[in-house]
There are 2 protein chains.
Amino acid sequence: MSRSGTLFVIGLGPGHSAVMTDQARTALRQADVIIGYTGYFAWVEGLVQDKECVALPLAQETTRAQLAVDRAQQGQTVCVISSGDAGIYGMASLVLEVVEQRQVGTVLPDVVVIPGVSAINACAALLGAPIGHDFAVMSLSDLLTPWAWIEKRLMAAAEADFVTVLLNPKSAKRHWQYGRAQEILALHRAADTPVGVVRNAYRPDQAVDITTVAGMLDVRVDMLTTVIVGNSQTRCFQARLVTPRGYDVAATR
Amino acid sequence: MSRSGTLFVIGLGPGHSAVMTDQARTALRQADVIIGYTGYFAWVEGLVQDKECVALPLAQETTRAQLAVDRAQQGQTVCVISSGDAGIYGMASLVLEVVEQRQVGTVLPDVVVIPGVSAINACAALLGAPIGHDFAVMSLSDLLTPWAWIEKRLMAAAEADFVTVLLNPKSAKRHWQYGRAQEILALHRAADTPVGVVRNAYRPDQAVDITTVAGMLDVRVDMLTTVIVGNSQTRCFQARLVTPRGYDVAATR
């Protein structure tokens, strides 16, 4: 059997090349073939012009992962590109699962995950410092996860006063989950608890809104929106959210 | 009153310049003065040689934040540098709190938070894809947070099957908290649940260990260690952790 290639799974950051790391660029330069969702190729244009680029539509995540492992097993250096951080609801877990499945009687590629600035980091920065203390991150999509698990996690995060980051709050086909999440959070948070809502962070149509637990259903959200619900300590001033770490900033110098 | 300057709070990434973003570099180039913990200046050496650099020892976080706001109020362009992501247990919340305190009768600086690859992103990437699904992030340091809150969050994260990221597991002065955290997690996780332990991610003395909930106290941890405890779905193969998103990777193509 021949030697297998390297398979990089790369987080490109939230969608602006200034938020990409050099580590990601270096991996792209080494690649024979780059595989990703069609929309992501615009972000890496200047880096991939002499490469084979396989652009696949959204919802073909498994196909992308399998193709990437195929090519690496043929000896190629492969890059799978993901938005944000490839390890957070990204392509890294899928690629590794495909490799795991092929473990028997074959040469496996070396998988290298290159971290990126996730939507969570980016949206939090645009809001100020909402995740300056303990936080929970969860997706409201119940396409692949039973809603009962999601609801249990929402209750736990709300009860234990975690700042709560909600991803995929709504989609074209999912409407009620975000409302139910708000109901659960409202059981354990004051109505005026600050909430930040960021759509399309660092993209041309970026929108940053600050609202409250009581008002969070009045702000438009979709699949590209991140909602950060403050905890009991989170404050809002001048359109910024801050969850303090507990330092006494008033201490005399 | 004169116009106030801009205050950038910058996440440098985990400590290797290849994991820094261009956005961070651009902000550093614009700065009149750069303020940070002494150890971080080595990471930005080539970028700051013509700048005023104020290096302050660890544990002077509040002083650093106050000095930064002073300088920005004097009209300077100021960069506060943080490792990882400045918004996650970093300097962003402190700087904003100092600004909040000075709100009355003064010109406030424009604070811009520049996100970075956090220790969480970096350690997860080195382990494979442990945070491919819902996760909770918490610090075990009870210096500024009551232990009762931390314990409540540990129980909630364990019960609700969040992948659980533990920061600051131990320090020179804090010994028992990590053991107590393990006890709580072990109540709700199988003894063989995979656990990843990463020390000094992307730094010269990087160490990556994979263990289990039963074995996690046998691996050395300190302030620069991130511990990622899998959930009921997390698997380990070939020294990689994967928490699946739920796709059927065996589906026929």
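This tour moves from the whole assembly to single pairs of residues in a predicted model.

Residues are numbered from 1 along each chain as its sequence is written, and chains are lettered from A in the order in which they are written. Local features need pLDDT of at least 70, side-chain atom pairs count only at pLDDT 80 or more, totals for chains, interfaces and linings use all residues, and side-chain values use heavy atoms, without hydrogens or water.

**The two chains**

**The interface**

Next, select the residues in contact (heavy atoms within 4.5 Å): 83 come from chain B and 83 from chain A. The two chains bury about 7,100 Å² between them, 54% of it on carbon and sulfur atoms; buried area is the accessible area (1.4 Å probe) that two parts lose on being put together, summed over both. In chain B, highlight B:Arg153, B:Arg245 and B:Val249, which lose the most area to chain A, together 11% of what that side buries.

**Salt bridges between chains**

Between chain B and chain A there are 10 salt bridges (a side-chain nitrogen of Lys or Arg within 4 Å of a carboxyl oxygen of Asp or Glu). Select A:Arg153 and B:Asp161, a salt bridge whose closest N and O atoms are 3.8 Å apart. Then turn to B:Glu100 and A:Arg235, whose side chains meet at 2.6 Å, N to O. B:Glu100 lies in helix 3 of chain B and A:Arg235 in strand 12 (residues 235-237) of chain A, so the pair joins two chains. Helices (H or I, at least four residues) and strands (E, at least two) are DSSP runs, numbered from the N terminus. B:Glu100 is buried at 18% relative accessible area, whereas A:Arg235 is partly exposed at 30% (buried is under 20%, exposed over 50%, partly exposed in between; 1.4 Å probe, protein chains only).

**Within a chain**

Finally, select A:Arg71 and A:Glu52, which form a salt bridge of 2.8 Å, N to O. This pair links helix 2 (residues 61-73) of chain A with strand 3 (residues 52-56) of chain A, 19 residues apart.
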